[in-house]
Amino acid sequence: MARAKWIGGFLGLLSGGPLGALAGFVLGSLIDTVIDSGIEPIKGDYNGEAYDESVYDTLNSRQQRQHQGVDEGARNGFLFSLLTLASYVIRADGKVMHSEMEAMRRFLRTNFGDVAVEQGVQIMLRLFERQKIEESHQQGSYRQTIIDCCHQLRDVVPQAQRLQILSLLAMLAKADNNVATEEINALREISQELGLSEAELNSMLGLGSTTLADAYAVLEIQPTATDDEVRAAYKRLVVKHHPDRVATLGDDVRAAAEKKLKQINEARDIIFKARGL
């Protein structure tokens with residue numbers, strides 16, 4: 001029996017298009033040869049549903065997530081999209097440092113558990129390989145692939161899930177306590193192509209900070225905002241980032257959203273304290 005999978009083979013609405021093509025290269029090449037050694041790989045072209053589900057998940061864990069109301073296709077698509085975009089951010093400066101991969105491991109372990117570390121890193125390594133292949137044929141081709149993936153996500157994935165992807169990407173960029181200019185530029189490009197605003201990106205980058213300036217950025221307002229505007233901005237963010245909006249992606253994704261909401265609350269508290277509210 002295969003071990004429980006963090007990412008399965010069925011990507012729901014994202015099975016086709018550029019993300020489906022990347023999944024064909026990455027997930028197809030990883031079947032059992034890396035994640036589940038000792039089981040013969042299943043032959044055939046990846047089309048989002050071609051592989052036996054048992055290769056990707058144990059029956060018990062899959063049934064448990066279904067019982068919890070988890071949309072397996074949406075979850076797998078979300079996680080694979082997250083790693084695809086993360087591969088672009090991490091390699092934005094043209095190289096992958098050991099410290100960056102260690103930060104990636106900590107990020108995966110903290111937000112998704114130990115299983116995600118092994119499987120997520122292996123998928124990331126294959127994405128880096130794909131990036132090198134594409135760039136060797138034509139400079140800038142992988143960037144275009146990422147843009148196409150963002151457009152696919154923008155067209156079929158709800159805004160709440162796109163915001164959660166951006167939030168996790170910003171968290172990853174900050175994981176090594178050194179957000180490079182190239183990473184900021186990559187995040188800005190991804191944000192734009194996902195149909196999200198620069199204010200939303202700045203909000204994600206400000207999460208967890210204790211400075212007043214970052215607290216205003218988190219709430220997506222200027223320091224000149226009135227008290228009523230501060231309260232309204234906070235209420236708007238609570239609705240936009242409420243964990244219930246990503247509940248169908250699984251408990252780990254919901255937990256990350258809850259952490260984000262907690263940090264939004266902390267930013268509000270910093271502003272309220274400074275204003276004596």
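This is a working chat about a predicted model of one protein chain.

Q: Before anything else, what counts in this predicted model, and how are residues numbered?
A: Residues are numbered from 1 along each chain as its sequence is written, and side-chain values use heavy atoms, with hydrogens and water left out. Because the model is predicted, local features need pLDDT of at least 70 and side-chain atom pairs count only at pLDDT 80 or more, while totals for chains, interfaces and linings use all residues.

Q: OK, what's the mean pLDDT of the chain?
A: The mean pLDDT (the predictor's confidence in each residue, from 0 to 100) is 82 for the protein chain, and 83% of its residues reach 70 or more.

Q: And where does it stay under 50?
A: That happens over residues 32–63, for which the model has 71 contacts beyond four places in sequence, a contact being heavy atoms within 4.5 Å.

Q: What's the secondary structure like?
A: The protein chain comes to 13 helices and zero strands, where helices (H or I, at least four residues) and strands (E, at least two) are DSSP runs numbered from the N terminus.

Q: How do H4 and H7 pack?
A: Helix H4, residues 72–90, and helix H7, residues 141–156, pack at an angle of about 145° with their axes 11 Å apart; axes are lines fitted to C-alpha atoms, for helices over the stretch in contact, and angles run from 0 to 180 degrees between N-to-C directions.

Q: Which residues meet there?
A: From H4 there are Ser81, Thr84, Leu85, Ser87 and Tyr88, and they meet Tyr142, Arg143, Ile146, Cys149, Cys150 and Leu153 in H7.

Q: Switching to H7 itself, is Gln152 buried or exposed?
A: Gln152, which lies in helix H7, is buried because its relative accessible area is 11%, and buried means under 20%, exposed over 50% and partly exposed in between (1.4 Å probe, protein chains only).

Q: What does Gln152 touch?
A: Not counting residues up to four places away in sequence, Gln152 touches Leu13, Leu14, Gly16, Gly17, Pro18 and Leu19.

Q: How many residues has the largest nonpolar core?
A: It has 74 residues, and those with the most contacts inside it are Phe80, Leu108 and Phe112; H4 gives the most to this core, with 10 residues. A nonpolar core is a set of buried Ala, Val, Leu, Ile, Met, Phe, Trp, Tyr and Cys residues joined through side-chain atoms within 4.5 Å.

Q: What is Phe112 in contact with?
A: Leaving aside neighbours within four places in sequence, Phe112 is in contact with Trp6, Leu79, Leu82, Phe107, Leu168, Asp252 and Val253.
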